[in-house]
Amino acid sequence: DKSGHRHFMAKEMAEQPAILKAALGFYGVPNSGISGLPEGVDFAQADRVILVACGTAHYACHVAKYWFEQIAHVPVEIDIASEFRYRAPVLTAKTIAIFVSQSGETADTLAALRHVKGKIAQTIAVVNIPTSSIAREADLALPLHAGPEISVASTKTFTAQLLVLALLSLKAGVDRGRLDAKACDQHLEALQTVPGYVAQALDREDNYRSIAEILAKHDDVLFLGRGLMYPLSLEAALKFKEISYIHAEAYAAGELKHGPIALIDKNLPVVVMAPRDDLFGKTISNMQEVMARSGKIVLISDKAGLNATGGAEYTITLPAVPSFISPFVYSVPAQMLAYHTALARGTDVDQPRNLAKSVTVE
Ligand code: M6R
């Protein structure tokens, strides 16, 4: 049942504020403060945290790496499940590994979990389906509470994964004495504002549609971001390829001049994700390098960011939010630009060619 939406993807994107609110409730965030953080794991003695997943779930892990390092000061490794189990990852009795999967059945992620089980301190599953193999085989399973996701493209489960990983990074911060009760409360308060901000970001459909109609006329699109916006750019490019069939690539904005800048000309749209945070000035100077070579810019920022910069041909204004929660808000344009571009191209949004919702073979 698409509840009046044209596609399951549209319905699932629209559900995000309600799901995030409900998930915050399930994890006891509104009232219980620190005691509401996920139980059954203690990061105090961990020598490292390893996050393993595929596709969109991997990009959620990539965001989490920044959170864990900043908030808990713990060494973090992230890897794609299909690579992780064929290299020789260094595992110790103090390692905690987190496996993130919507379906809980992705073959490579499950095999990676089996590869480390018994060799490390603890395995944690962050999954949408609580009865799945990954949930059952991990030492601790933390559900997303996102409800069934029908569209092949992951949307609401991405933001729900971010939420559980954000809570885990706060838990790690508290366990390791890096986050006191007051600072933890501030982060939890910020998380409680996420559903409202995501709703505001969703409420820009005309803006997404009109920019998508321009992107739909191109064969390539480049996404740029720094810091937390780098994994968001990767996720935006994946969504774009997956459902619009337009070639898209993402780069950390600072990498541009190490090669990809050679691609820039007036025919290449470049989507820049740049909230007004500590890295804003750096990202904007990379954007100006693109403009100097006639690249077509779509700048996604907040009001202050857009006021501080001129020259972007197209803009999307998002609410200004604390940097910690910006990945939730910037997930919306990542999804919406892909969705409306797919609509403009007439592709099969919910069932993109060659893809399956759950990849249970290697
Ligand atoms: O079920 P999983 O989360 O383990 O699936 C992993 C990927 O196949 C998945 O995230 C895929 O990249 C998305 N459906 C893309 O939108």
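Okay, alanine 23: leaving aside neighbours within four places in sequence, alanine 23 is in contact with Leu144 and Leu163, where contact means heavy atoms within 4.5 Å. Bear in mind that this is a predicted model, where local features need pLDDT of at least 70, side-chain atom pairs count only at pLDDT 80 or more, and totals for chains, interfaces and linings use all residues. Residues are numbered from 1 along each chain as its sequence is written, and side-chain values use heavy atoms, with hydrogens and water left out.

Alanine 23 sits in helix H2, residues 16-26; helices here are DSSP runs of H or I, at least four residues, numbered from the N terminus.

Now glutamine 161, in helix H8, residues 156-175. Glutamine 161 is buried too, because its relative accessibility is 2%. Not counting residues up to four places away in sequence, it touches Thr56, Ala57, Ala60, Val100, Ser101, Gln102 and Leu144.

Last, a helix pair. The axes of H4 (residues 55-72) and H12 (residues 229-244) come within 8 Å and cross at roughly 170°. Axes are lines fitted to C-alpha atoms over the stretch in contact, with angles from 0 to 180 degrees between N-to-C directions. H4 and H12 are therefore roughly antiparallel, the label for angles over 145 degrees. Among the residues that meet are Tyr59 and Tyr66 in H4, and Leu234 and Leu238 in H12.

Notes. Helix = DSSP H or I, 4+ residues; strand = E, 2+ residues; numbered from the N terminus. Parallel < 35°, antiparallel > 145°, perpendicular 65-115°, else oblique. Buried < 20%, exposed > 50% of the residue type's maximum accessible area, 1.4 Å probe, protein only.
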